[in-house]
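Colleague: I would like to learn how to read a structure like this one. Could you walk me through it, feature by feature?

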Amino acid sequence: MDTPDADGNGLLAEQLLRLTRRVHRIQKRHLETRGLGITPAQSRLLRTLAHYGSPPRMADLAERLEVVPRAVTTLVDGLEASGKVRRVPDPTNRRVIRIELTDDGRQALRELRGARRAAAEDILTPLTDEQRALLGALLDTLVDGMGAPADDVRAAADRAGTVNGGAGTAADGAGT
């Protein structure tokens with residue numbers, strides 16, 4: 001009798017969830033050691049805000065973050081109180097309020113990027129450069145929701161020694 005996990009997808013899903021939780025824990029630790037006083041949700045809002053060419057409306061942020069507008073209001077309130085963002089009137093419609101990064105917010109983003117890089121390095125330390133390339137190709141496939149060109153994944157896997165009679169598996173050299 002087949003179980004829901006007979007094909008391995010249940011195990012993979014659990015591994016992805018565990019990795020996500022680990023990433024969040026490590027990133028949170030790095031944020032706390034930098035003393036930024038920014039929550040992970042506020043961090044996400046700042047990163048999202050930085051992707052706009054001009055200050056967005058709160059409704060735009062809510063849509064991009066896939067949260068209700070009230071959640072964005074709470075995040076903006078906290079970031080505004082700490083001087084990371086400010087509300088500014090729309091130049092063409094005074095009824096519309098836009099959210100923009102302040103200089104302190106841009107500095108916080110630089111610190112956040114450093115914390116994210118440090119967290120990634122902690123997590124990726126056991127992997128070789130080739131294994132990182134393979135992981136990157138596989139993650140691109142999952143994030144994009146469509147298959148990466150097979151040649152790209154195959155080439156990354158070859159470099160990691162995982163296919164075509166390679167010297168080992170992706171676990172080889174992973175700190176074991």
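Modeller: The protein has seven helices and two strands, where helices (H or I, at least four residues) and strands (E, at least two) are DSSP runs numbered from the N terminus. This is a predicted model, in which local features need pLDDT of at least 70 and side-chain atom pairs count only at pLDDT 80 or more, while totals for chains, interfaces and linings use all residues. Residues are numbered from 1 along each chain as its sequence is written, and side-chain values use heavy atoms, with hydrogens and water left out.

Colleague: In what order do the elements of the protein run from the N terminus on?

Modeller: The order is α-α-α-α-β-β-α-α-α.

Colleague: How do I read burial, and what share of the 176 residues counts as buried?

Modeller: Buried means under 20% relative accessible area, exposed means over 50%, and partly exposed is in between (1.4 Å probe, protein chains only). Here, 25% of the 176 residues count as buried. Take His30, a residue of helix α1: His30 is buried because its relative accessible area is 14%. The C-alpha atom of His30 is 7.7 Å from that of Arg116, although 86 residues separate the two along the chain.

Colleague: Is Arg106 buried, exposed or partly exposed?

Modeller: Arg106, in helix α5, has 36% relative accessibility, so Arg106 counts as partly exposed.

Colleague: Now salt bridges, please. What is the idea, and how many does the structure hold?

Modeller: Side chains of opposite charge can pair when their charged atoms come close. A salt bridge is counted when a side-chain nitrogen of Lys or Arg is within 4 Å of a carboxyl oxygen of Asp or Glu. The structure holds 10 of them. One is between Arg86 and Glu100, with the closest N and O atoms 2.5 Å apart. Arg86 lies in strand β1 (residues 85–89) and Glu100 in strand β2 (residues 97–101), so this pair ties together parts that are 14 residues apart in sequence. Arg86 is partly exposed because its relative accessible area is 36%, and Glu100 is partly exposed too, at 23%. Salt bridges can also share partners: Asp77, Glu80 and Arg87 are joined into one network in this way.

Colleague: Which parts does the pair of Glu111 and Arg34 tie together?

Modeller: In that salt bridge, the closest N and O atoms are 3.3 Å apart. Glu111 lies in helix α5 (residues 103–124) and Arg34 in helix α1 (residues 9–34), so the pair ties together parts that are 77 residues apart in sequence. Glu111 has a relative accessible area of 26%, so Glu111 is partly exposed; Arg34 is also partly exposed, at 34%. A further salt bridge joins Arg21 and Glu14, with the closest N and O atoms 3.6 Å apart.

Colleague: How is a pocket found, and what is the volume of the largest pocket?

Modeller: On a 1 Å grid over the protein atoms alone, a pocket is an open set of points where a 1.4 Å probe fits, with protein on both sides within 12 Å along at least five of seven lines; lining residues have an atom within 4 Å of a point. The volume is the space filled by probe spheres set on the points, which are joined across faces, edges and corners. For the largest pocket, the volume is about 1400 Å³.

Colleague: What lines the largest pocket?

Modeller: There are 33 lining residues, and Leu16, Leu19, Val23, Ile123 and Leu135 lie nearest the centre. The elements giving two or more residues to the lining are α1, α2 (40–50), α5 and α6. Helix α1 gives the most, with 13 residues.
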